[in-house]
Amino acid sequence: HFARNGQQIGVFALSVDITAHQQIEMALRESEARLHNALNAEKELGDLKTAFVSMASHELRTPLTNIQTSSDLLQHYAEKLSPEEKAECLKDIQDAVNRMRLVMENVLVFAKLGTNSHVYQPTRMPIDSLVRQLVAEVDAADGHEHLIELKAPEGGDTLQAQLDEALMRQIVGNLVSNACKYSP
């Protein structure tokens, strides 16, 4: 207030527009929140990768042990084994190699997905023949220990879809493989 001889003659007011300052503060808070979320996501991804590597390592140990055991039997006792026993040892080795191949395919797909290097490449293909082929591969890798029954709808042999064969192989292979691992 300005006064002259005790009488108010004017008012001095100062205002500062802090809108831009508030917008900057809000943007910083949002940026910090996004950064925090990204760090949490990165930590979670790191934890998932560690768990996946641990699982893959475990999944590779069993077939490697089977290969080692069967090859040791063939190496040290070949003359004492019947032709059927030798064939069984070779079949065990082949089954273990197939299981390892499936695990390695999973590792490679996981690695590609983690780096976003997999490009979705859909092509039109018959679903039934692809699924039958995948079930046969898993069945062979499983050593035919489980009864795997595939039921397709009528006309299933002509059913076509646009899909990425590599991803479809991964998905169906994992589903059938897990069914064999975790069910009687």
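**View 1. Ala96 is buried, with a relative accessibility of 0%.** In this predicted model, Ala96 belongs to helix H2, which covers residues 83-114. Ala96 counts as buried because its 0% relative accessibility falls under the 20% cut-off. Pro126 lies 30 residues from Ala96 along the chain, and the C-alpha atoms of the two are 29 Å apart.

**View 2. Helix H4 spans residues 165-182.** The helix has 18 residues. From its first C-alpha to its last it reaches 25 Å, close to the 26 Å expected at 1.5 Å a residue. The N-terminal end of H4 is capped by Asp164. A side-chain oxygen of Asp164 lies 3.0 Å from the backbone nitrogen of Ala166. Buried residues in H4 are Met168, Gln170, Val172, Gly173, Val176, Ser177 and Cys180.

**View 3. A nonpolar patch lies on the surface.** The patch is formed by Phe2, Ile9, Phe12, Leu14, Val16 and Ile18. Together these residues have about 690 Å² of accessible area. One of them, Val16, sits in the loop between strand S2 (7-10) and H1. Val16 is exposed because its relative accessible area of 62% is over the 50% cut-off.

**View 4. Confidence in the protein chain is lowest in strand S1 and highest in helix H1.** The chain averages a pLDDT of 83, and 94% of the residues score at least 70. Strand S1 (residues 2-4) has a mean of 76, whereas helix H1 (residues 19-77) has a mean of 88.

Terms used:
Residues numbered from 1 in each chain as written. Predicted model: local features only at pLDDT ≥ 70, side-chain atom pairs only at ≥ 80, totals over all residues. Heavy atoms only, no water. pLDDT = per-residue confidence, 0-100. Helix = DSSP H or I, 4+ residues; strand = E, 2+ residues; numbered from the N terminus. Patch = residues over 30% accessible without salt bridge, like charges linked within 9 Å, V, L, I, M, F, W, Y side chains within 5 Å. Areas by Shrake-Rupley, 256 points an atom, 1.4 Å probe, with all protein chains shown as cover. Salt bridge = Lys/Arg side-chain N within 4 Å of Asp/Glu carboxyl O. Buried < 20%, exposed > 50% of the residue type's maximum accessible area, 1.4 Å probe, protein only. Expected span 1.5 Å × (residues − 1). Polar contact = N/O pair within 3.5 Å; in protein donor to acceptor, adjacent residues only side chain to side chain.
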